[in-house]
Amino acid sequence: STTSELIKQGYLSEFRVFNSPRGVKPDLSAVKMVAGDYHEGELSAAMRSSPLIADVVRTWKEKASGRPTLVFAVDCAHAAKLQEEYASAGVSAGYIDQHTDIGEREQICDRLRGGELQVVVSVDCLTIGIDWPFVSCIQLCRPTKSEMRYVQTVGRGLRTSEGKADCLILDHSSTTEGLGFVDDCYDRMTARGLDDGKHQSSTKE
């Protein structure tokens, strides 16, 4: 079955996408490419600009307030900056990176589910291996050329859950603009074959 078919059949959640919802887009013209994706250090510096960081929080408050949200950052420095901006705006924000142990991750999950936390900022490690179906908003703050990374990230919000009408995708990375909607992207990957387990890179500019 295609992603669209699974959504129609109720196995995956409906989703809505806002690409650069307030018109603030990252300038990645000076960021080098390494192994088919953006250089992480240069990407982090580009995404930590004040207008971009502030726009993430303003957009969330305008379009997604009240939705349990996962925010995907470039690296630890970028994630910390996003968490700080959320806290400054009075939004309770958790933080998870590769050093966060399993017990603490479970506590953060429970706090997000219960409403004690409103958003959780993550560096890569929530793209796979988690089951938080109650999440109803994904903020893409890490630009990527990798279709696999993109699909895995958005997929964290596509699980169905009782009382969840849809998932809101707030794309601050212009990734949707480059790779297309996630269902089309996933179906292209499936058509090419995913049995080798390797990241696939888009040929789109």
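Me: Where is Ser 174 found?
Reply: In this predicted model, Ser 174 sits in the loop between strand E8 (167–171) and helix H7 (175–179).

Me: What's its phi near?
Reply: Phi of Ser 174 is near 65 degrees, which is a positive value in a residue other than glycine.

Me: Is Ser 174 buried or exposed?
Reply: Ser 174 counts as buried, because its relative accessibility is 18% and the cut-off for buried is under 20%.

Me: OK, switching to charges. How many salt bridges does a search of the whole structure find?
Reply: Eleven. One of them pairs the side chains of Arg 16 and Asp 166, at 2.9 Å from N to O.

Me: How accessible are the two ends, Arg 16 and Asp 166?
Reply: Arg 16 is partly exposed at 38% relative accessibility, whereas Asp 166 is buried at 12%.

Me: What does Asp 37 form a salt bridge with?
Reply: Arg 142, with the closest N and O atoms 4.0 Å apart. This pair also links distant parts of the chain: Asp 37 lies in strand E3 and Arg 142 in the loop between strand E7 (137–140) and H6, 105 residues apart.

Me: Are those two buried or exposed, Asp 37 and Arg 142?
Reply: Asp 37 is buried at 10% relative accessibility, and Arg 142 is buried at 10% too.

Me: Next one: how far apart are the closest N and O atoms of Arg 188 and Glu 147?
Reply: They're 2.9 Å apart, in a salt bridge. Arg 188 is in helix H8 (residues 182–192) and Glu 147 is in helix H6, so that contact ties together parts 41 residues apart in sequence.

Me: Which residues do salt bridges with shared partners join into one network?
Reply: Asp 37, Glu 40, Arg 142 and Arg 149.

Terms used:
Residues numbered from 1 in each chain as written. Predicted model: local features only at pLDDT ≥ 70, side-chain atom pairs only at ≥ 80, totals over all residues. Heavy atoms only, no water. Helix = DSSP H or I, 4+ residues; strand = E, 2+ residues; numbered from the N terminus. Buried < 20%, exposed > 50% of the residue type's maximum accessible area, 1.4 Å probe, protein only.
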